[in-house]
Amino acid sequence: MIEENARVIAVDEPGFAWVDTQRKTACGSCAVSSGCGTSVIAKLFSAKRTQVRVIDPLGVKLGEEVMVGIEESALVRGSLAVYILPLITMLLAALAAQGLWSGAGELPVVFAGLLGLGGGLGLVALYTRRIRRDPRFQPVVVRRLGPPVTPVEGVLAP
């Protein structure tokens, strides 16, 4: 299970909560990050916070520090769907156009590749709609880390 620290920002319907996590990069744990150009770029784009709806089997309270987790297999399957499926459909469509219209130049191949990419993105949208409420693909509160913190106006809001 892949785990991440989070703070509860809202308690939703029974059994669900909204949490706020801090995006992190690998540069934060690297020994040479202070002298690396990549870490400078990572710092510019990594300070974003993400709000996620999670399954809450523990009954957490607003402001509480928790550990949330998601199964590795769900993350891998989701990543493959988002990154690989559109790429494969784009390449297959471009190869099919190349075979069908080999003497017509590059324009049909490029157009077919774009159509394949769009089709792959459409398949990803169908896949995400299908798994949206599947608990195997949802993050879950694994354990409590700290006591609730008093919410500050505008800080702990979904």
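This is a predicted model: local features need pLDDT of at least 70, side-chain atom pairs count only at pLDDT 80 or more; totals for chains, interfaces and linings use all residues.
1. Surroundings of Ala17. Leaving aside residues up to four places away in sequence, Ala17 is in contact with Val8, Ala10, Val11, Asp12, Val52, Arg53, Val54, Asp56 and Val60.

2. Helix 3. This helix has 25 residues, and the distance from its first C-alpha to its last is 36 Å, close to the 36 Å expected at 1.5 Å a residue. Its buried residues are Val109, Ala112, Gly113, Gly116, Gly120, Val124 and Ile131. An α-helix has 3.6 residues a turn, so residues three or four places apart point the same way. Helix 2 is among what covers the buried residues of helix 3.

3. Second largest pocket. The volume of this pocket is about 320 Å³. Its lining comprises Ile70, Ala74, Leu75, Gly78, Ser79, Tyr83, Thr128, Ile131, Arg132, Phe137, Gln138 and Pro139. By class, seven of the lining residues are nonpolar, four are polar and one is charged.

4. Helices at the pocket. Helix 2 (72-100) and helix 3 (107-131) each supply at least two lining residues. Helix 2 gives the most, with five. Ile131 of helix 3, listed above as buried, is also part of the pocket lining.

Definitions and conventions: Residues are numbered from 1 along each chain as its sequence is written. Side-chain values use heavy atoms; hydrogens and water are left out. On a 1 Å grid over the protein atoms alone, a cavity is a set of points where a 1.4 Å probe fits but cannot get out, and a pocket is an open set with protein on both sides within 12 Å along at least five of seven lines; lining residues have an atom within 4 Å of a point. Grid points are joined across faces, edges and corners, and a volume is the space filled by probe spheres set on the points. Helices (H or I, at least four residues) and strands (E, at least two) are DSSP runs, numbered from the N terminus. Ala, Val, Leu, Ile, Met, Phe, Trp, Tyr, Cys and Pro count as nonpolar, Asp, Glu, Lys and Arg as charged, and the others, Gly among them, as polar. Contact means heavy atoms within 4.5 Å. The expected span of a helix is 1.5 Å times one less than its number of residues. Buried means under 20% relative accessible area, exposed over 50%, partly exposed in between (1.4 Å probe, protein chains only).
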